[in-house]
Amino acid sequence: MPRLLRVDEEIDVADRLPVLALRDLVFFPYMVLPLLVGRPRSTAALRACEAHGGHLLLVAQKDASIEAPSEAHLHRIGTVVRPVQTTVLPDGTARVVLEGLGRARIRHFLPSEDHFRAEIVLHAAAEREQPDLPDPPELEALVRAVRRGFTEYAASHERVADELPDSILETRDRQRLAHVVSGHLLLSPNEKQDLLEAPDLAAHFARLREVIGRELEILRIEEKLDRQMRSQMDSERKQLYLTEQLKAIHRELGDHGDEWAEIEQALSAAGLPAEARARADRELNRLRSLNPVAPEAAVIRTYLDWIADLPWHARSDERHDVGYGREVLDDAHFGLDEVKERILDHIAVLSRVGELRGPILCLVGPPGVGKTSLGRSIATAVGREFVRVSLGGVRDEAEIRGHRRTYVGALPGRILQGMRKAGTLNPVFLLDEVDKMARDFHGDPGAALLEVLDPEQNSTFADHYLELEYDLSSVLFVTTANTLAGIPEPLRDRMEIIRIPGYLDTEKRTITTRFLWPRQLERHGLDAERVSLDDDAIDLVIRRYTREAGVRELDRRVSRIARKLARGAAEGAWSGDTERTIAVGDLKELLGPPPYLPPESDSDADRIGIANGLAWTAAGGEVLDVEVAVVPGSGEVRLTGTLGDIMKESAHAAVTYARSRAALLGLQPDFHQNVDLHVHIPEGATPKDGPSAGITMATALISALTGIPTHPDIAMTGEITLRGRVLPVGGVKEKAVAALRNGVRTMVLPAANEPDLERLPDEVREGLVFLPVREMDAVLDAVLAAAPGARDGRPVVDDRVGPSDAGIPADPGISLSQ
């Protein structure tokens with residue numbers, strides 16, 4: 001049976017205990033600390049302590065880096081502890097709170113399979129066997145010196161002061177005081193092990209006094225150095241001190257030279273012009289003299305990076321091959337012959353002269369006709385880099401010219417940002433949505449674009465950020481717009497306008513077959529060899545499911561068909577390996593009911609007071625009905641349909657023309673005193689304006705007054721004067737395409753617009769009959785079902801609409817009685 005030894009009067013400890021090795025830690029008696037136990041030998045020793053009265057010997061490793069120590073790697077003096085609380089964590093590690101009981105020395109290790117086990121002798125017993133203990137006064141002097149020194153030491157370390165209760169320093173148990181003070185000193189494990197191995201209490205206190213005195217001296221030196229540094233760091237020398245310190249750090253690291261050499265190398269590789277290189281060298285010299293953490297240093301570094309990154313001489317190797325350019329444009333786009341011819345002309349000239357300055361193209365057309373993608377195709381055809389900048393919503397001049405470097409976060413404008421992105425001096429630069437720029441107190445970005453797009457000025461373009469001249473003369477600028485109305489006149493004067501009126505139904509069918517349908521099949525994982533779209537189905541989608549000049553909505557409808565097919569294949573409704581053709585009968589299931597109904601054929605009686613007008617919008621041409629109702633009244637005119645001022649003036653001119661021609665129209669001279677006229681253009685939620693509806697309003701008005709219907713297959717456009725002359729209007733190409741798309745057979749237009757007919761597609765010229773007119777009389781002869789003749793002089797009153805039914809106040813600006 002193991003022999004028991006006494007540590008004090010209350011605890012018995014066996015002389016054979018399991019041993020647990022510690023790394024980077026020396027455990028002293030009277031300490032209570034939590035430990036994480038995870039090594040296999042350690043956890044086995046922890047389990048074995050239950051069989052030895054719940055006691056355990058903790059000894060420190062001589063080398064903390066050894067993961068699996070042997071007996072030779074352990075110190076021979078340690079601390080007997082007992083576990084107070086044990087918690088097993090989810091990863092298998094044990095968290096144990098241990099209380100130190102007393103020191104012990106290992107006599108020798110005992111055999112054990114999974115943990116260290118040793119026969120021990122308590123250190124307290126060895127102390128009692130030594131007869132030459134110091135005199136009590138000498139020991140008391142050591143104790144007081146240690147207590148006084150440690151009080152000063154704890155005051156200098158907040159962590160020590162917080163962890164150590166004041167009552168411990170006042171204890172009269174000298175052995176407890178020595179171990180507690182040793183445990184709270186911030187020393188290395190080897191120094192703490194020396195304290196633990198002190199042969200007796202006097203030697204322990206003597207070592208403590210020496211260690212504490214040394215630590216206090218180090219603390220006093222550190223405090224003295226801190227005071228000296230703080231006294232030297234006054235407001236005048238602080239910046240100089242930090243600069244010198246950073247320079248010293250840079251000298252030690254040897255990295256500042258590499259950074260400046262890198263900037264110097266980048267500037268040399270950029271091939272800067274003389275003026276730009278002189279400016280860059282001046283800024284680089286300023287950067288060298290500045291504190292690297294100063295805000296201005298970061299600004300200069302960013303500025304130099306921009307100068308070095310911009311292309312000053314790099315150019316793309318252009319392809320001046322007309323055949324290759326035609327192939328690229330035809331493969332990417334169907335139709336658009338006018339644009340293609342203009343690009344091919346440009347390539348042909350380049351092939352002969354090598355340099356052509358000043359082509360600023362402006363592609364104007366409704367959404368979805370391919371203006372943006374056409375710019376990318378132009379870049380591919382000429383072998384240049386492509387960069388796109390959207391100007392929609394830009395309202396600040398600095399977006400074009402850049403911000404001055406005095407502003408925080410200043411950057412160059414979008415032009416130079418695009419050039420940096422392109423990396424060459426001669427890219428194709430697409431300025432998208434140039435008609436949607438705004439202007440306010442920040443400046444006019446349209447005016448800033450004048451220098452960019454002017455061939456005589458853009459060779460010396462000046463950005464506010466760069467403050468250097470930059471050559472944009474080699475750039476092929478292409479702009480896009482939905483309408484010319486939003487482009488300032490000076491800016492429009494610098495561009496070559498190319499109109500894209502929109503696609504005909506036959507063109508849309510070809511585009512769907514060649515481009516849209518194959519692309520959607522690929523996106524949705526469908527096999528183009530097994531899934532096809534019938535031509536009749538494509539025509540129905542074009543006419544009944546879309547109403548647009550471009551193909552954007554058509555692409556969405558085709559995408560929905562492909563999406564439904566992909567879902568059907570995923571759900572097993574049909575096998576993706578079998579062939580399937582989408583016919584007309586499948587469209588209702590895939591797309592739902594068609595949102596647009598086919599045009600209705602009105603009877604002659606239904607066409608009284610109605611005339612077909614042609615309008616131009618940002619979305620392309622449109623066919624609009626103008627309706628006029630004649631009701632009993634006192635000579636007022638009501639205008640509805642959200643009409644603009646110009647359209648109201650056209651209505652006023654039409655009324656005056658009808659009154660001036662009353663005799664020839666078979667009306668009494670005073671017919672206007674007994675009736676009210678109501679002019680309405682449907683789709684009242686859509687604002688409408690412009691002079692081109694003048695002859696349409698006059699025709700509908702005269703039809704309503706005379707009771708003669710209009711032909712339903714004739715549409716017209718033109719401005720009217722008080723004397724009945726028909727003046728030219730714009731947008732003839734878009735209006736003609738809209739007329740053909742809506743089933744119109746004859747188009748009445750001003751004779752002055754006859755040259756515009758030469759630029760119409762062949763399909764439009766062959767599908768429509770064009771009737772140029774100079775006078776309103778010719779319009780009435782063509783549109784009215786019968787010529788106005790002698791009648792009883794009374795206007796035809798529509799008994800289906802009365803004055804009270806209109807429910808709309810009269811327009812005070814127009815009155816028949818005036």
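The bend at a residue is the angle between axes fitted to the seven residues ending there and the seven starting there. Keep that in mind for the first stop. The model on screen is predicted.

**Stop 1: helix H20.** Select residues 505-523. Go to Thr512, where H20 bends by about 50 degrees. Thr512 is also buried. Other buried residues of H20 include Ile511, Phe515, Leu516, Trp517 and Leu521. Now show the partners. The buried residues of H20 pack against helix H13 (322-332), strand S16 (531-533), helix H21 (535-544), helix H22 (552-571) and H26. Then step past the helix to Gly525, which follows H20 and has a positive phi near 70 degrees.

**Stop 2: the second largest pocket.** Stay with H26, residues 732-741, which supplies at least two residues of this pocket's lining. S18 gives the largest share, 5 residues. Centre the view on Trp616, Thr617, Gly730, Gly731 and Lys735; of the 33 lining residues, these lie nearest the pocket's centre. The space there is about 820 Å³. Colour the lining by class: 15 residues are nonpolar, 8 polar and 10 charged.

**Stop 3: the largest cavity.** The structure holds 4 cavities of 30 Å³ or more. The largest has about 40 Å³ of space. Strand S5 (56-60), strand S6 (77-88) and helix H7 (189-196) each give two or more residues to its lining. Select the lining, including Leu22, Phe27, Val59, Ile77, Gln193 and Leu196. Its classes are 9 nonpolar, 3 polar and no charged.

Notes
Residues are numbered from 1 along each chain as its sequence is written. This is a predicted model: local features need pLDDT of at least 70, side-chain atom pairs count only at pLDDT 80 or more; totals for chains, interfaces and linings use all residues. Side-chain values use heavy atoms; hydrogens and water are left out. On a 1 Å grid over the protein atoms alone, a cavity is a set of points where a 1.4 Å probe fits but cannot get out, and a pocket is an open set with protein on both sides within 12 Å along at least five of seven lines; lining residues have an atom within 4 Å of a point. Grid points are joined across faces, edges and corners, and a volume is the space filled by probe spheres set on the points. Helices (H or I, at least four residues) and strands (E, at least two) are DSSP runs, numbered from the N terminus. Ala, Val, Leu, Ile, Met, Phe, Trp, Tyr, Cys and Pro count as nonpolar, Asp, Glu, Lys and Arg as charged, and the others, Gly among them, as polar. Buried means under 20% relative accessible area, exposed over 50%, partly exposed in between (1.4 Å probe, protein chains only). Contact means heavy atoms within 4.5 Å.
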